Amino acid sequence: MDTYTEKIRSIAGSLLKEGKVDRVIGYKKGSIPMATNPFAARTVEQARELVFNSTCVMNLANYITDSSETIAVAAKGCDSRNIVTHIVENKIKRDQVYIIGVPCSGMVDKRRIIEEFGSDLTEFSENGDEISVKSLDKEEVLKKQDYLRDCCTTCIKPNPVVYDELAGELVPEPEVKNRFASVEKIEAMDPDEKYQYFTDLTADCIRCYACRNACPICYCPTCFVDESGPQWVGKGQNETDIQTFHFLRAFHCAGRCTDCGACEEACPMGIKVREFTKKLNKDTSELFGWDAGLDQTKRPPLDTYSPEDPDDFIK
Amino acid sequence: MGNLIEHIGIERERIHFSWISSAEATKFVDVVKDITEKVRALGPNEKFKKIYN
Ligand code: SF4
Ligand code: SF4
């Protein structure tokens with residue numbers, strides 16, 4: 001996917017030169033191998049720093065919220081879905097965003113690679129379907145397909161759902177057999193097992209809120225966890241408070257989460273926070289036939305009322 | 001919401017949603033009886049509770 005880099009640079013360069021946008025949001029090379037950072041280029045020179053490869057995991061819709069500027073975004077499938085969600089939720093206007101569509105063949109699972117190679121990586125590069133990883137311990141060429149992030153293996157829209165220009169050819173739409181298999185595994189547990197599962201899952205959480213900050217749909221000016229009057233949830237390391245945070249944050253994402261994986265990517269403790277949001281994605285898909293960010297003209301299901309809404313839980 | 005609560009391991013029978021008009025006193029009584037019976041059968045909830053000490 002690093003072949004997109006040149007194209008993104010040239011599109012970004014001309015947009016900035018012609019003054020069509022105030023900034024172009026993409027990624028730039030990080031300071032260590034296998035790292036790229038979200039980056040806003042404001043000048044033609046800065047546009048030359050833009051890169052794209054299989055480590056561009058963060059969600060760039062996070063950087064356009066409530067902006068008054070005109071912004072170009074290099075958007076993968078998931079980013080584009082979050083841009084649509086932003087448009088629907090009045091966080092940005094469609095004519096303020098110039099979407100440079102980036103057809104995506106999946107991002108690599110950095111955590112897994114680091115686990116296998118040790119944290120002292122010295123080189124990471126890719127060539128089509130192959131990635132080469134070198135650390136102080138070993139050097140190997142791997143098939144990218146075998147090292148995709150979990151959310152990329154169940155992605156339904158690798159191509160941007162809306163764009164003004166493309167940075168490469170559209171990729172074939174994948175056939176995902178059962179994207180909710182992980183949720184079904186938990187659904188099959190009995191209540192005690194479920195509770196234990198989620199207690200263990202969140203046990204290491206240090207409440208840094210990096211997951212929330214990385215999430216494009218977590219944009220409330222004051223998050224419920226930061227509110228002090230009233231204080232909705234305790235602020236310490238109490239187990240129930242930690243669970244309340246995760247549980248409520250997930251519910252706030254119901255019908256809005258695109259399963260982009262930015263939250264998990266940002267977590268310093270490796271907590272699989274998508275285990276919560278994925279359940280709600282499954283529910284909205286089954287109950288309302290809804291997946292977030294596909295249609296600029298429709299409001300999310302928890303935001304609308306229809307007489308056809310399922311109501312068999314109300315007695 | 002009920003689905004998510006159930007998903008994290010709280011028994012579904014502890015969660016009830018009902019639509020009762022102020023004129024439906026008997027329905028209110030029935031619903032409360034029903035809830036009480038179901039929750040009593042489950043016993044006290046030991047999950048997702050905060051202990052102050
Ligand atoms: S909750 Fe996580 S996966 Fe869902 S939109 Fe936010 S960052 Fe992406
Ligand atoms: S990023 Fe990880 S450690 Fe930080 S609050 Fe979220 S789940 Fe907890």
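## Ground rules

Because the model is predicted, local features need pLDDT of at least 70 and side-chain atom pairs count only at pLDDT 80 or more, while totals for chains, interfaces and linings use all residues. Residues are numbered from 1 along each chain as its sequence is written, chains are lettered from A and ligands numbered from 1 in the order in which they are written, and side-chain values use heavy atoms, leaving out hydrogens and water.

## Two ligand sites

Let's visit ligand 1. Around ligand 1 (a residue counts if one of its heavy atoms lies within 4 Å) are residues including A:Cys215, A:Cys257, A:Cys260 and A:Cys263. This shell divides into five nonpolar, three polar and two charged residues. Here Ala, Val, Leu, Ile, Met, Phe, Trp, Tyr, Cys and Pro count as nonpolar, Asp, Glu, Lys and Arg as charged, and the others, Gly among them, as polar.

Ligand 2 has 14 residues around it, and A:Cys205, A:Cys208, A:Tyr209, A:Cys211 and A:Cys267 come nearest. Helix H8 (210-214) and helix H9 (239-252) of chain A each give two or more residues to this shell. Helices (H or I, at least four residues) and strands (E, at least two) are DSSP runs, numbered from the N terminus. By class, the shell around ligand 2 has twelve nonpolar, one polar and one charged residues.

## A three-stranded sheet

In chain A, three strands make an open, antiparallel sheet in the order E6-E7-E8. Strands E6 (121-127) and E8 (139-143) of chain A are the edges, each pairing on one side only. Two strands pair if DSSP finds at least two bridges between them; strand E7 (residues 130-135) of chain A and E8(A) have five.

## Two backbone details

Most residues other than glycine have a negative phi, and most peptide bonds are trans. Where does A:Met34 sit? A:Met34 is in the loop between strand E1 (23-29) and strand E2 (36-41) of chain A, and its phi is positive, near 65 degrees.

The other detail is a cis peptide bond between A:Gly229 and A:Pro230, with omega about 0 degrees. A:Pro230 lies in the loop between H8 and H9 of chain A.
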